[in-house]
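Good morning, colleagues. Please have the sequence and the coordinates open while I speak.

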Amino acid sequence: MRVSRLMLVTLRDDPAEAEIASHKLLLRGGFIRRISSGIYAYLPLLWRVLQKVERIVREEMDATGALETLLPQLQPAELWQRSGRWDGYTAGEGIMFHLQDRQQRELGLGPTHEEVITALAGDLLRSYRQLPVNLYQIQTKFRDEIRPRFGLMRGREFIMKDAYSFHADEDCLRQTYAAMDGAYRRIFGRCGLRAVAVEADSGAIGGSASQEFMVTAEAGEDLILNSPDGRYAANQERAVSLAPEAVPLQAAACSELATPGLASIDELCRVHGFDPTQTVKTLVLLARFAAAPPQPLLVCLRGDQQLNEVKLANAVSRHAGNEAGALLEIAPVSSEQMAAEGLKALPFGSLGPQLSDDALRGARSWRPRFLRLADTTATSLERFVCGACQRDAHLVGAGWETLLSEPDLRPRSLDLRNAQPGDRCAHDSSQRLEAARGIEVGHIFQLGRKYSTALEATFTSETGNEEPLWMGCYGIGVSRLAQAAVEQHHDEQGICWPVSIAPFEVIVVPANVEEPNQRELAETLYGALRGAGVDALLDDRRERAGVKFKDADLIGIPWRVVVGRGAADGQVELVQREGRSSQEIAAAALLDTLLPQLEQQRLGLLGQPA
Ligand code: ATP
Ligand code: MG
């Protein structure tokens with residue numbers, strides 16, 4: 001390909017719309033253009049990258065025996081209603097775009113395909129003899145993200161590879177899950193990405209085991225916690241740890257302390273000399289469901305700990321059961337909301353676990369009783385400081401038994417806290433958790449029989465019984481991956497694409513195309529490279545050499561062959577983009593010098609010594 005025909009439009013300055021390096025560079029390099037919030041055009045340069053990523057994905061999926069397919073993006077509401085996910089995906093914070101057709105039938109634009117594929121599997125897979133099966137597709141997904149941002153990282157329309165496997169038993173599911181784990185490691189390695197596998201929350205998809213693949217990068221939205229011994233790594237959403245020991249509270253009996261104006265744990269501790277581990281903080285939140293009245297929550301944590309919203313949402317969903325429908329939202333309760341419910345204001349800042357359900361008496365639409373939950377760091381305190389449930393007063397030396405004499409008020413004790421960097425590890429208390437930021441590029445799940453049961457996708461087992469299919473599902477964010485590669489591989493001047501997914505492998509740059517020697521040698525080398533199967537680009541523009549070098553750096557072509565003054569003597573300069581090492585070589589030796597290195601680099605990290 002010739003640069004003059006490439007519709008290359010590069011930008012000198014950082015576009016205002018971009019915050020992180022990869023987003024800026026993809027815009028500046030002419031890889032993407034924003035059409036609307038979270039909606040991007042993939043320009044020809046990026047399309048080449050995406051196709052190379054897709055090819056690697058296909059090769060590795062095919063190698064596991066998975067079958068490629070293509071499912072509809074327009075999906076009938078009825079399927080999602082049968083799985084119980086329609087409300088959760090369309091109401092509240094739901095992310096499914098949905099619409100009505102001319103017959104007023106509801107449809108959704110596929111954010112994921114469990115429903116469609118499970119319905120198909122139920123039809124097509126009748127006997128254990130047909131199992132296992134693993135189907136995958138590479139396709140545009142639609143999600144009306146609450147905060148689309150960072151370009152392709154969190155788009156509202158993006159490319160995903162999703163796969164769904166079906167099995168006669170759990171053991172077989174585990175085997176395919178392990179095979180997918182292996183395929184994913186090869187895919188990311190071949191794409192030149194340093195990715196780590198971490199334990200993950202299964203979220204709205206559901207199921208039991210799940211693992212995410214994170215590309216480590218400062219700009220990542222996820223926090224990964226891992227142990228230095230390499231035995232534990234998890235997304236903070238899911239991570240467990242041992243909390244710091246609490247400092248014992250010296251208090252003879254429970255007494256009241258006047259605390260005017262001290263509404264936060266920090267202030268309370270500063271003024272009265274408590275340690276935050278000696279306190280219990282109490283939060284009032286409201287959970288909204290698709291098919292049940294709003295449920296007020298009273299959640300207690302030790303004062304030094306942070307609430308983990310994912311763990312809380314999982315606990316609340318489990319407690320509410322299927323009848324409540326999808327959990328739409330959990331949010332702190334405000335004074336205005338209390339007033340709108342016809343309830344008295346709460347003494348925020350002085351709340352305690354003993355807050356009575358009387359606070360909810362007469363609520364218009366809420367359930368009149370709190371669901372009481374507490375983190376184990378709080379419930380394991382013998383004596384603590386907490387709000388007195390009246391303004392400007394706290395209790396010092398409170399204990400769970402005395403404070404909550406009615407068993408009804410006792411909270412369920414659960415893990416609801418965020419594990420933090422520096423915490424001791426649960427598997428070995430001599431290890432301390434370290435933190436890294438990560439970009440989630442893949443996620444694999446053992447779904448079990450949740451969807452097959454809901455959609456009645458059954459098969460006849462070897463013993464002749466009708467049983468729901470066992471399922472797994474496996475996603476890769478193809479377009480996000482391409483941008484994650486830029487986040488991991490760039491410098492001040494621009495992108496440094498890994499060879500395996502670079503839009504072109506080599507760019508031949510004649511310094512001055514007006515110079516016949518240079519022009520002709522550049523053409524010859526370009527032809528020779530293409531003849532040798534190299535993905536080559538020729539910068540045939542009548543631009544100054546400096547402009548062409550800048551563009552080549554910006555768009556990140558891994559190798560540059562500069563044909564300059566030395567052309568007269570058959571000499572060229574060979575420059576590697578990452579690291580910028582350069583050497584003068586005889587033009588005649590170009591292929592012999594370059595090809596062995598390219599061969600190696602096309603394997604991505606798999607081509608590097610371990
Ligand atoms: P996230 O937690 O980042 O919102 P998710 O867990 O909802 O993602 P999955 O349902 O696991 O995403 O989707 C599979 C893969 O698709 C993810 O691992 C990610 O790489 C990619 N992906 C998900 N949402 C987006 C998005 N809005 N834009 C680009 N890629 C996405
Ligand atoms: Mg995920």
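Predicted model: local features only at pLDDT ≥ 70, side-chain atom pairs only at ≥ 80, totals over all residues.

How many salt bridges does the rule find across the interface of domain 1 and domain 3? The rule finds two.

Let me set out the architecture. The protein is divided into three parts: domain 1 covers 3-240 together with 435-487, domain 2 covers 255-414, and domain 3 covers 504-603. Taken over C-alpha atoms, the centres of domain 1 and domain 3 are separated by 37 Å. At their interface, 15 residues of domain 1 are in contact with 13 residues of domain 3. The buried area between domain 1 and domain 3 is about 1,200 Å², and carbon and sulfur atoms give 60% of that area.

I turn to the polar side of this interface. Between domain 1 and domain 3, six residue pairs are in polar contact. On the side of domain 1 that touches domain 3, helix 1 (21-28), helix 2 (44-63) and helix 6 (170-190) each supply at least two residues. Helix 2 gives the largest share of that side, with three residues. By class, the side of domain 1 that touches domain 3 has seven nonpolar, four polar and four charged residues.

Next, the salt bridges of the structure, of which there are 40. One of them joins the side chains of K52 and D535, with an N to O distance of 2.6 Å. K52 belongs to helix 2, whereas D535 belongs to the loop between helix 14 (516-531) and strand 28 (536-538), so this pair ties together parts that are 483 residues apart in sequence. Is K52 buried or exposed? K52 counts as buried, at 18% relative accessibility; the cut-off for that class is under 20%.

A second salt bridge to consider is that of E505 with R602, in which the closest N and O atoms are 2.7 Å apart. This pair also links distant parts of the chain: E505 is in the loop between strand 26 (494-495) and strand 27 (506-510), and R602 is in the segment after helix 16 (590-601), 97 residues apart. E505 is buried, with a relative accessible area of 6%, while R602, at 25% relative accessibility, counts as partly exposed.

R542 and E514 form a further salt bridge, the closest N and O atoms being 2.8 Å apart. Here R542 sits in the loop between strand 28 and helix 15 (545-555), E514 sits in the loop between strand 27 and helix 14, and the two are 28 residues apart. R542 is exposed, with a relative accessible area of 64%. Finally under this heading, a network of salt bridges links R55, E59, E60, R186 and R190.

I move now to a residue in domain 1. Where does S165 lie, and which side chains does the side chain of S165 meet in polar contact? S165 lies in strand 8, residues 157-167, and is buried, with a relative accessible area of 0%. The side chain of S165 makes a polar contact with the side chain of H167 at 2.7 Å, and another with the side chain of Y474, also at 2.7 Å. Leaving aside neighbours within four places in sequence, the residues in contact with S165 are V133, N134, L173, T176, W470, M471, G472 and Y474.

My last topic is the backbone. Which two residues does a cis peptide bond join? The bond joins L131 and P132, and omega is about -5°. P132 is found in the loop between helix 5 (114-124) and strand 7 (133-142).

There are also positive phi values in residues other than glycine. C389 has a phi of about 65° and lies in the loop between strand 18 (384-387) and strand 19 (393-398). C389 is partly exposed, with a relative accessible area of 21%. R580 has a phi near 60°, and its place is in the loop between strand 30 (571-576) and strand 31 (582-586). R580 is likewise partly exposed, with a relative accessible area of 36%.

To close, I return to the interface of domain 1 and domain 3, where the rule finds two salt bridges and where helix 2 gives the largest share of the domain 1 side. Thank you for your attention.

Conventions:
Residues numbered from 1 in each chain as written. Chains lettered and ligands numbered in written order. Heavy atoms only, no water. Domains from an automatic or database assignment. Contact = heavy atoms within 4.5 Å. Buried area = accessible area lost by both parts, 1.4 Å probe. Salt bridge = Lys/Arg side-chain N within 4 Å of Asp/Glu carboxyl O. Polar contact = N/O pair within 3.5 Å; in protein donor to acceptor, adjacent residues only side chain to side chain. Helix = DSSP H or I, 4+ residues; strand = E, 2+ residues; numbered from the N terminus. Nonpolar A, V, L, I, M, F, W, Y, C, P; charged D, E, K, R; others polar. Buried < 20%, exposed > 50% of the residue type's maximum accessible area, 1.4 Å probe, protein only.
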